[in-house]
Amino acid sequence: MRGTTTTAAQIPAYDHSKHFLLEKGWFREGPVLHFFSSIFAGFCVATANNPFDVVKSRMQSENRKPGVAATYRNIPQVFLLIIRTEGLRGLYKGWFPNWARVGPHTCMTFLLFEQLRRLSGIKPI
C-alpha cells in the first residue's frame, strides 16, 4: 500500500507542479525548477504516506501479551480506531519528521533524474 501511494503521489505531483510553474512563467527549465517541483512532490508523498506509516508503527509497537486480546487486529480496524479516538489529525502524527526524510530523498531523485535525462540527450518532460 505504502509503495503505491508513494508513486501515486510523487510522480504526478512533480509533473503537475513543474508544468504549473513553467506555464505561470515563474521558472525556466533547469535545476531550480526541478528543486521546487520536487520539494512539492515530497510534501505530497509525506502527506499521502503518513497515515500508512502511523498505522504500521502502531501495529508494530503493540506489546502483545499471551491471553490478552490485541488492541490492533488489522489495518482497517487500526485506521478506524485512530480516527475515532484521535480524529483525522491522529493519522498525521510525525508528519514533519516524515517530510524531513522524504523531502530531501524526493529532491535528490528528481534532480538526478532530470540531469541524467539532460546528459543523455533526452528532452525534459
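A polar contact here is a pair of N or O atoms within 3.5 Å; within protein, one has to be able to donate a hydrogen and the other to accept it, and residues adjacent in sequence count only if both atoms are side-chain atoms.

Quick housekeeping. This is a predicted model, where local features need pLDDT of at least 70 and side-chain atom pairs count only at pLDDT 80 or more, while totals for chains, interfaces and linings use all residues. Residues are numbered from 1 along each chain as its sequence is written, and side-chain values use heavy atoms, with hydrogens and water left out.

So, Asn50. You'll find Asn50 in helix 2; helices are DSSP runs of H or I, at least four residues, numbered from the N terminus. Asn50 counts as buried, at 2% relative accessibility, buried being under 20% relative accessible area with a 1.4 Å probe, protein chains only. What does its side chain reach? A polar atom of the Asn50 side chain sits 3.0 Å from the backbone oxygen of Leu91. Beyond neighbours within four places in sequence, Asn50 is in contact (heavy atoms within 4.5 Å) with residues including Leu91, Tyr92, Trp95 and Asn98.

Staying on helix 2, residues 31-61: it packs on helix 3, residues 75-86, at about 100°, axes 10 Å apart. Axes are lines fitted to C-alpha atoms over the stretch in contact, and angles run from 0 to 180 degrees between N-to-C directions. The two helices are therefore roughly perpendicular, the label for 65 to 115 degrees. Helix 2 brings Pro51, Phe52, Val54, Val55, Arg58 and Met59, and helix 3 brings Ile75, Val78, Phe79, Ile82 and Glu86.

Now helix 3 itself. Its buried residues are Gln77, Val78, Phe79 and Ile82, and they pack against helix 2. At the helix start, a side-chain oxygen of Asn74 comes to within 2.8 Å of the backbone nitrogen of Gln77. After the other end comes Gly87, with a positive phi near 80°.

Last stop, Lys18, in helix 1, residues 2-24. Is Lys18 buried or exposed? Buried, with a relative accessible area of 0%. Leaving aside neighbours within four places in sequence, its contacts are Glu29, Leu33, His34, Ser37, Glu114, Pro124 and Ile125. And for scale, the C-alpha atoms of Lys18 and Met108, 90 residues apart along the chain, are separated by 15 Å.

Conventions:
Angles under 35 degrees count as roughly parallel, over 145 as roughly antiparallel, 65 to 115 as roughly perpendicular and the rest as oblique. Buried means under 20% relative accessible area, exposed over 50%, partly exposed in between (1.4 Å probe, protein chains only).
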